[in-house]
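Visitor: I have a model open and a few quick things to ask. Can we start with how burial is judged?

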Amino acid sequence: MSGAAERTVDPRMADADLRAWLTEMDAVALERLYAAADAARSATVGPEVHLRGLIEVSNTCARACSYCGISVHNKAVQRYRMGREEILDCARRAKDLGYGTVVMQAGEDPLLSGEFIAGIIRAIKRDIGGLAVTLSLGERSEDDLRLWRAAGADRYLLRFESSNPRLYARIHPAAHGHPPVDPGAAEVPRVGMLRRLQELGFQAGTGVMVGIPGQTWDDLVSDLRTFQRLDIEMIGVGPYIPHPATPLAHDFDGAAEHGQQVPNTVLTALKMVALARLLVPDANIPATTAVATLDKNNGREDALKAGANVVMPNLTPIKYRALYEIYPDKACVNETAEQCHSCLAARIHSVGRCIGTGFGEAPKSHRRSA
Ligand code: SF4
């Protein structure tokens, strides 16, 4: 294997090079990786950082993901579900703040019916206008997905979290009509679902956590290869942050005993952001809230310098914010939408970048529809 000075940053780099970059700890060598990713970002998606206004529409969830603080098992959570007018008010706020996209995110909430969400998408498109609509509502039926696409939804986010079927099965136990996942399967179920979303005409986004107990460096190489194989439009990477009220916070898989455990750090996430940018150069890549949570001072800026080009200011009404606690001590829980906006604008300008206009679609979306 080559040393850090000669190691390639070419998009066609071999698995051994990906693994070597992931385990690299030399700061000077890593600057070379981040600079290459930043150059790829500049050449493909340019200097603009796109703002996606996040609306956390419901923290009710029927699933039992073992890492998640709002899973069905956490009886201590006070549940909420926003009403239609509350959601539309947030979308209007997004428009007023100049955002090109709203993201409606929720747990897998059976009471967010297909028609309820479709009605909101139509109202955003017809009555507000000028906004791309992204949905992040979990694994929904084909009927719902078709309905939402027909209503005008542009994008769908579905993180697979890990491409290792054994790890995926452990953190996504059977619940609410979803059968157990075969840990020996060739690929995780959400990869097939992402292909289906692309076939339905959505721009599809996905992502992973780094540092899940039991996750190895080879798992992260496989995650990167999965992004590349899907030629995915959006890639989110954040460190796993344990929530004390979840089973995974008290789980241990033994990978650490063999020196293979990936650390759940900002550093690992930044390396993944940079490598994702090099392998899928024209994807949209957010500086995630999880990175900002572990490094509130510089996390977003460092991600922007390592290849990211999107941030997601939170538009959720303050009274609901703290209740959407997938992991603890989340960044930006107490700031109003306006405070979030000015803070993020200042951070974007501080790294010499500008705020994007328009929908901020990944260039590959235009290639596909051409
Ligand atoms: S990760 Fe999503 S689907 Fe899983 S329990 Fe949490 S909110 Fe529900």
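Guide: A residue counts as buried if 20 or more other C-beta atoms lie within 10 Å of its own, and as exposed if 12 or fewer do. Keep in mind that this is a predicted model.

Visitor: Tyrosine 34, then: buried or exposed?

Guide: Tyrosine 34 has 20 C-beta neighbours inside 10 Å, so it counts as buried.

Visitor: Where does tyrosine 34 lie?

Guide: In helix 2, which covers residues 27–44.

Visitor: And what does tyrosine 34 touch, leaving out residues up to four places away in sequence?

Guide: Ala274, Lys305 and Ala306. Leucine 304 is 270 residues from tyrosine 34 in sequence, yet their C-alpha atoms are 9.8 Å apart in space.

Visitor: Back to helix 2. At what angle do its axis and that of helix 9 cross?

Guide: Roughly 45°, with the axes coming within 9 Å; helix 9 spans residues 266–279. That angle makes helix 2 oblique to helix 9. The crossing is left-handed.

Visitor: Which residues in helix 2 and helix 9 meet?

Guide: Helix 2 brings Leu33, Tyr34, Ala36, Ala37, Ala40 and Arg41, and helix 9 brings Lys271, Ala274, Arg277 and Leu278. By class, the contact has 7 nonpolar and 3 charged residues, with no polar ones.

Visitor: New topic. Which residues surround the ligand?

Guide: Cys61, Arg63, Cys65, Cys68, Ile70, Ser71, Gly107, Glu108, Gly138 and Ile326.

Visitor: How do the residues of that shell divide by class?

Guide: Around the ligand there are 5 nonpolar, 3 polar and 2 charged residues.

How values were computed: Residues are numbered from 1 along each chain as its sequence is written. This is a predicted model: local features need pLDDT of at least 70, side-chain atom pairs count only at pLDDT 80 or more; totals for chains, interfaces and linings use all residues. Axes are lines fitted to C-alpha atoms, for helices over the stretch in contact, and angles run from 0 to 180 degrees between N-to-C directions. Helices (H or I, at least four residues) and strands (E, at least two) are DSSP runs, numbered from the N terminus. Angles under 35 degrees count as roughly parallel, over 145 as roughly antiparallel, 65 to 115 as roughly perpendicular and the rest as oblique. A crossing is left-handed if the near helix is turned anticlockwise from the far one by less than a right angle, and right-handed if clockwise. Two residues are in contact if their C-beta atoms, placed from the backbone, lie within 7 Å. Ala, Val, Leu, Ile, Met, Phe, Trp, Tyr, Cys and Pro count as nonpolar, Asp, Glu, Lys and Arg as charged, and the others, Gly among them, as polar. A residue is near a molecule or strand if its C-beta atom, placed from the backbone, lies within 6 Å of it.
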